[in-house]
Structure formats: C-alpha cells, structure tokens
Amino acid sequence: MATTGRAGGAAAMRTARRTAAGALLGTGLLGLALFSLGRPHPWQALGGGLVVACAATLVGGALGFLFGVPRVRAGSGGPGGAGDDGSHGSYAPNTNLEQVSDWLTKVLLGVGLTQLGSLGERLDRLGTTLAPALGGGAGTAPFAAALVLYFLLLGFLSGWLLTRLALPRVLSDADQALDLFLAGQDRDRKGDKVGADDLRMRAMQHLGLIGTSTGKADDLPGSMLPVDRAAGPERVVAEVRSTARRSALTASQVRELFADGSEGRRIQALALMQGDPALADLASVREAIEHPRSGFEQYHALLAARGLMSRLPAEEARLLRDTVAGRLMAPDGIPFGSDRSWLAEKILSGLEAPVFLPQQQGGPAQPPAQPQPASGEKA
C-alpha cells in the first residue's frame, strides 16, 4: 500500500509539473497571439514575436544550463550511487565544464549587479530595437521588452531545472555503465562468462540500449538465503553465484533446491548453476525457461543456460536450442528487444547447429540431404 501511495504521489507530482510548465508557456504564447491580432499586419507580428520569444528562451536556457551544471562530489557512495545527501555519485571525471560554468556564472552575476541601475533604460532600448519585428506602432516597444523578459526567465527556469534534475542522472548512468563494462571485461578475463554477460546486460540497460522485462520482485531476497538481506535481488543473486564453487552442495541437492517450488529457491538454484556449471541441471534450466514464475527467473535461467551450453552433448544442446527458440517465437514468450531476448539470441548463436523455424502448414518441405560420394568415387 505504501509503495502504491508513493507511486501515485510521484505521478501526481509529475502531472502537476507538466501542467505548470504548459500553463506558463501557453500564457506567453496566448499573450503574443492576442497582441498580434491588434496589429495592422497580424501574421508579421506573430511571426516576429515567435522568433523573439524563441531566441529569448534559448538564451535563458543556456544561462540556466550554466547555473545548473552540477558539481562533482568527492566521497560519494561509489560510481552511480547516491551520497549521504541523496546526490548522485562521481559522474564527471572531467570537470572542465563545471569550472567554465562556475567562472561564467560569477562573471555574469558581477556584470549584472553592476548594471542594475541602468536596467530600465536598457530594457527600453531593447524594446525599441525589437518593435519593428512585431509590426511597430504604439505600445509595441514595451510589449517587446516584456516578451523578451518573460521568455528569458521561462527559458532560464526550464534550462536550470532540466540541467539540475536530468543531467546528473544521465552522467551517473553513463559512468556506471562504463564501470559495469570494465567489470564485465575483468570477469571475462577470469573465465566467468556468465557474470560478464550479466554485467554487460546491466550496462546496456543503464545506457538504454536494451529494455528490461525481468520484473524483479522487491520481496525476493527474503525468500532466499542471502548474506545481506538488505541487498537487492541482483546483488543477492551475484553473491550466491560467487559462492557456488566454494559451496558444499552437490548437483542433486541443487536440483532438490530448484524443485522446492518457491521462486526464491528456484532462483537460488539457478544462481548456483551459473556460478558452477558442474551443479547445473539441464531439465531444471529448461523448466525455468519454458515455465518461469517471473521474468526475473527466466532471465537467470537463460544466464545459467549461457554457462552450460558449452558442456552439453549434441542431443542435449538440441533440446536447449529448441527450448530457447520456442520461447523466442511464442507470442507470449520472450519480449523482443529485452534483456532476455538479447541473451536468448546469444545462446542460439553460440550453439553449433543452426536453428530452423517450424515449418508452416502447407509450406515447402525441406529438401532431403544429398548423399556424399564415397571415397574414390567421382561426384
């Protein structure tokens, strides 16, 4: 209930922000439209006013960006993490942009403070200069100055808010994705193909290159046996995977753990299979791929299959290939473009035999294999 309430409150806040932004923009444009209707040449006044408004918004947005460029915080909670004050982690190793922004901000503030006394005169001069673009006539100069001031402030607020709210997250995600890619390469060098693929998958999700469809349950760690119960599901699975080779469990015990029936136990068994392919059971992996309790379970079943497929004989490799291909082609199977489809396609490409789509009813039959000539015979 609390989670639903927080989600509803966040959605209401987003709606309120969008409504306020639309109202501010709409008010300025409506005022410009009404002013243009009273001019001798309304379309000329409207066009000129729109150009002036856009230019003022761009200038204000650039100023807002300069004032909103975030600072790099030392001693943060790790790459992409959050510090004690809720800020993002060390997301910008190169601080040139921050230094330029800081310098320009101080210069602009200094110049602005020294020119406050002549602000009215300068606005009047600006309005007089822009009045011909809005059709000229009585009252055009003060309206042009007000139009510039309105959209300049609107652009500044929009640029500052977007920079302050969006840029830290974008930079943090990019930095965390880089860390994950490097960690994946390190795992690959150590022979941990499954862990490397998992880290690469998470990196691509941070960059938005692939979607996620795993549907991780918040209460999943409570149904497993983690060392740190406060950790998230991914952290718990990675911890179980890392201890697989040191575990005293046998392959039959891992199969019994999977057969327990609860999703947490099944995922724990799959994590053990990922960490030590000697504990893997093809029947359990295929069951989790074909009939998963959740997308999260199917994702880790595919990871287990990824580490297992190089150890399978031809017949079992064919069974795994058919299982994965079947879920990819099923209408209610693995979603296209998701993390699971990326893993499934990688599994199919790694198996030796090609994957044949099921023959459509009434379609052409596959040609029979041509007999090879015996040694010494002419083809």
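At what angle do the axes of helix α2 and helix α5 cross, and within what distance do they come? The axes of α2 (residues 42-68) and α5 (residues 140-189) cross at roughly 40° and come within 6 Å.

## Basis of the model

This is a predicted model, in which local features need pLDDT of at least 70 and side-chain atom pairs count only at pLDDT 80 or more, while totals for chains, interfaces and linings use all residues. Residues are numbered from 1 along each chain as its sequence is written, and side-chain values use heavy atoms, with hydrogens and water left out.

## Overall composition

The chain contains 13 helices and zero strands. Helices (H or I, at least four residues) and strands (E, at least two) are DSSP runs, numbered from the N terminus. Of the 379 residues in the chain, 35% are buried. Buried means under 20% relative accessible area, exposed means over 50%, and partly exposed lies in between (1.4 Å probe, protein chains only).

## The packing of α2 and α5

Two packed helices are described by the angle between their axes and the distance between the axes. Here, axes are lines fitted to C-alpha atoms, for helices over the stretch in contact, and angles run from 0 to 180 degrees between N-to-C directions. With a crossing at roughly 40°, α2 is oblique to α5. In this classification, angles under 35 degrees count as roughly parallel, over 145 as roughly antiparallel, 65 to 115 as roughly perpendicular and the rest as oblique.

The crossing of α2 and α5 is right-handed. A crossing is right-handed if the near helix is turned clockwise from the far one by less than a right angle, and left-handed if anticlockwise. The contact of α2 with α5 comprises 14 nonpolar residues, nine polar residues and one charged residue. Ala, Val, Leu, Ile, Met, Phe, Trp, Tyr, Cys and Pro count as nonpolar, Asp, Glu, Lys and Arg as charged, and the others, Gly among them, as polar.

Within α2 lies V51, which is exposed, with a relative accessible area of 58%. The C-alpha atoms of V51 and A133 are 9.1 Å apart in space, and the two residues are 82 residues apart in sequence.

## The course of α5

Helix α5 has 50 residues, which should span 74 Å at 1.5 Å a residue; its end C-alpha atoms are 70 Å apart, in agreement with that value. The expected span of a helix is 1.5 Å times one less than its number of residues.

At A166, shortly before the proline P168, α5 has a kink of about 35°. The bend at a residue is the angle between axes fitted to the seven residues ending there and the seven starting there. After α5 comes G191, whose phi is positive, near 90°.

## The pair α9 and α11

Helix α9 (residues 263-275) packs against helix α11 (residues 295-308) at an angle of about 20°, with the axes 8 Å apart. The two helices are therefore roughly parallel to each other, and their crossing is left-handed.

Helix α12 (residues 314-329) holds E316, which is partly exposed at 33% relative accessibility. E316 and L282 are 34 residues apart in sequence, and their C-alpha atoms are 7.8 Å apart in space.

Helix α13 (residues 339-350) has twelve residues and reaches 17 Å from its first C-alpha to its last, close to the expected 16 Å. Its buried residues include R340, L343 and I347. D339, also in α13, is buried at 1% relative accessibility. In sequence D339 and R202 are 137 residues apart, whereas in space their C-alpha atoms are 8.6 Å apart.
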